[in-house]
Amino acid sequence: MLDTSARLLRLLSLLQNSRAWPGSELAERLGVSGRTVRNDIDRLRDLGYPVDATRGTTGGYRLGAGAAMPPLLLDDEEAVAVTIALRTAAQGAVPGTEETSLRALAKLEQVLPSRLRRRVRTLQAYTVAVPADRPAPTVSADVLTTVVSACRDQERLRFDYLDHAGSATRRVVEPYRAVNWGRRWYLVAWDVEREDWRTFRIDRIQPRTPTGPRFTPRRPPGGDIAAYVSQRVSSVAWRYHARVTVQAPAAAVIEQINPAVGTVEALDADTCVLVTGADTVQTLAVYLGMLDADFTVTEPAELVTYLRRLADRYDRSVPPAD
């Protein structure tokens, strides 16, 4: 039988799983009586751990939320994952959280076993991040917390918003999800006045408090919120848009096209339409050349002209066929 201290740690480790534990199952796991389990639960409560108890067939003991966060028990993989995440946050992933991330990181690294400390330091020493090719927009931690909380609580959100052109508008939305893409954050929400789904850059949002009334969530757009955001954000930023008929099955083209690059629509078993775009016609030409399939482009005119010039250049670059 475990001594009391070791048994309490084992009990705490079990309770930190999300499920509810019947007292009989805890007693079996710990090798003690039900009375001992109840006494140990009381000891944890005295130490500040909020242990909830519910009756019924689906009831049992579960670690709840309290006024202050008690110490947590993490397994090896969880400890390494949290340490890496804190290091990333301390490097400014979300501006405003660097100092608190460093404090939490210092506390965690102080108690890491030597074997885990070596793993973390190895990851730090032998991994290098490529700097962004342009400055990332700063997202206030307070604004991000307000937006995510409104998504969780299903409360309407009112905010001032600067669009891509810098024009200010006031929005009232039903927030659904915050989506992280690299170091940018986007809000997917139902725009109440425009009666449609919209995507907003969170660094351009200035929330107005208090939040609005609760709402019943709508069916989200598409089946994949991340793909929806990447497609919407990319298409808005494109300078050139193209609709290309590709002589290949849609499934084969989809395997090569990231949702951020374009969408594919099947015409028949052997032909599809690729809707894509880019900031330059040169980039578009690269995308199309990598398809390794015949295609037809009719617009934009700038792309047609560039492809003709490129075709002539390629034709001159090789000797005539025998």
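Helices (H or I, at least four residues) and strands (E, at least two) are taken as DSSP runs, numbered from the N terminus. In this predicted model, the loop joining α7 (141–153) to β3 (157–162) contains Q154. The residue Q154 is partly exposed, its relative accessible area being 27%.

Beyond its neighbours within four places in sequence, Q154 makes contact with P213, R214, F215 and P217. For Q154 and P213, a sequence separation of 59 residues corresponds to a C-alpha to C-alpha distance of 8.4 Å.

## Salt bridges

The whole structure contains 15 salt bridges. One of them pairs R7 with D40, with 2.5 Å between the closest N and O atoms. R7 belongs to helix α1 (residues 4–15) and D40 to helix α3 (residues 34–46), so this pair ties together parts 33 residues apart in sequence. R7 and D40 are both buried, and a network of salt bridges links R7, D40 and R43.

A further salt bridge joins the side chains of E77 and R119 at 3.3 Å, N to O. Since E77 is in helix α4 (residues 76–90) and R119 in helix α6 (residues 114–125), the pair ties together parts that are 42 residues apart in sequence. E77 is exposed at 52% relative accessibility, whereas R119 is partly exposed at 35%.

E174 and R156 also form a salt bridge, their closest N and O atoms lying 3.6 Å apart. E174 is located in strand β4 (residues 168–181) and R156 in the loop between α7 and β3, 18 residues apart. E174 is buried at 6% relative accessibility; R156 is partly exposed at 27%.

## Cysteines

The structure has zero disulfides. C151 is buried, with a relative accessible area of 12%, and C272 is buried at 0%.

Technical notes
Residues are numbered from 1 along each chain as its sequence is written. This is a predicted model: local features need pLDDT of at least 70, side-chain atom pairs count only at pLDDT 80 or more; totals for chains, interfaces and linings use all residues. Side-chain values use heavy atoms; hydrogens and water are left out. Buried means under 20% relative accessible area, exposed over 50%, partly exposed in between (1.4 Å probe, protein chains only). Contact means heavy atoms within 4.5 Å. A disulfide is a pair of cysteine sulfur atoms within 2.5 Å. A salt bridge is a side-chain nitrogen of Lys or Arg within 4 Å of a carboxyl oxygen of Asp or Glu.
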